[in-house]
Amino acid sequence: MSQSRYKFAPHTPTHVLTGFAENSVGLLVNDAKAVKGLAVFGVQAGVLTEDKLTDPIAEWLLTKDEFKEFIIKKEKGDK
Amino acid sequence: MAISATIVDIRGKAYEPIYEELLFENKTVGENLVAFEDDVKANTIVTSASVTVNMQAYTSGAPTSSGTLTTADVAITPVKVMYYQEFDPNTLRASRFNRTMKAGAWNTASSEFEKVVLGLYGRKISYDAEAKWWNNALAATQTAVAALTPGAGQAAVGAAEQTYVAAVTAGQFDGLVTRMIYNNGALGTRIKVAGTTITASNIKTEYDKVYAAIPALVLANKDEPCRIYAPYSHIQFINQFNNVATNYKDVFVVTGLGTPNQKVTFYGLEVVFVPLPENCIIAAIPSHLLWATDLISDINYMEMNKIANNRDDMFVKHVFTIFAHVSNQAMNVLYLG
């Protein structure tokens, strides 16, 4: 988990990412996995997950109208 | 190990076209949008040179040396990557693809499957390589950038830059945007422009910020004009901007809209659309952005064969090398917001 004072709100969206995951034995089908986070720069540039959240990143996201609703302060007891 | 296929056993006819997944073309390679350096096996030295000169008073005695002659070597070794999947063509024996299988129980290879599905697979790999050349980061680079203290000045990583590197799905090499932000173990010396969320309403204002940040020297270079690299979504914003009656139409000039010859310029600089992140713009002379590889056509080379002589299931494999390098870093503008 990140050391940030912030975390994602419960309604943070989930994105389905596809890719060639390791140990894939499927044929012509990319493995897909659901990832909770924010596609800050569009899905082509990846999804920011909570473990990558730092205070400066969270504080920058709080300045952006489209993302600020997803950033909340951690409460006591949160990891 | 099986093909993931939803099959209807073929009884009557099959509609001839197969609806393929829509893909962007690999325009970066197809249209030479950046510089390509091939025949790079390993440890190729790329050098940037700069000098300073100092006019001084003449003396007939011993002169004093003044000025600098600087070269910076960077050793480049493209990263070797691979795509590999196995499949069992027998899975398709009851499907539409059996119409192109030769008679005989031995024969399960379908030319239609190879042409359409595997052809699509090859193109997707080409596009994936392009997307990753622009957007990618090593896990180690992500850790290094996360450890930097963000700030507003040129000498600090921007909060947007730090967020971008953190968000990128970790891959096999650092993509171009990541290399502009961080390379050779240090913060990149790109010209940093703090951005915002770009819409059709503010796109001209934001492009103005990029334009203003381009060194005049770069704009004056007639040998190789500076180019603006933008994400695909910007063509929509630009057209919407131009469709507002009160907006000047000679800022973003769009010709051949919707045709293969479509060209977009901003204050006379060509705007090209590539798989950049949203709210990201790069302004640079194309030769400053280097795609290093062993052989460019490797990206289109697919090997397909039986996994072993005593087996009928097959594999499809791509192998190529790829690397992103930025030269003359201090002359390139990176807008991120």
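Before the helices, a definition: an axis here is a line fitted to C-alpha atoms, for helices over the stretch in contact, and angles run from 0 to 180 degrees between N-to-C directions. Helices (H or I, at least four residues) and strands (E, at least two) are DSSP runs, numbered from the N terminus.

This is a predicted model, where local features need pLDDT of at least 70 and side-chain atom pairs count only at pLDDT 80 or more, while totals for chains, interfaces and linings use all residues. Residues are numbered from 1 along each chain as its sequence is written, chains are lettered from A in the order in which they are written, and side-chain values use heavy atoms, without hydrogens and water.

Chain B has eight helices and 16 strands. Of its 337 residues, 44% count as buried, meaning under 20% relative accessible area with a 1.4 Å probe, protein chains only.

Now the helix pair. In chain B, the axes of helix 3 (residues 139-146) and helix 4 (residues 159-167) come within 9 Å and cross at roughly 150°. That makes helix 3 of chain B roughly antiparallel to helix 4 of chain B, the term for angles over 145 degrees. Contact means heavy atoms within 4.5 Å. Helix 3 of chain B contributes B:Thr141, B:Gln142, B:Val145 and B:Ala146, and helix 4 of chain B contributes B:Gln162, B:Val165 and B:Ala166.

Last, the core. A nonpolar core is a set of buried Ala, Val, Leu, Ile, Met, Phe, Trp, Tyr and Cys residues joined through side-chain atoms within 4.5 Å. The largest has 66 residues, and among those touching the most other members are A:Leu61 and B:Ile282. Helix 2 (residues 111-134) of chain B gives the largest share, seven residues.

Definitions and conventions:
Parallel < 35°, antiparallel > 145°, perpendicular 65-115°, else oblique. Buried < 20%, exposed > 50% of the residue type's maximum accessible area, 1.4 Å probe, protein only.
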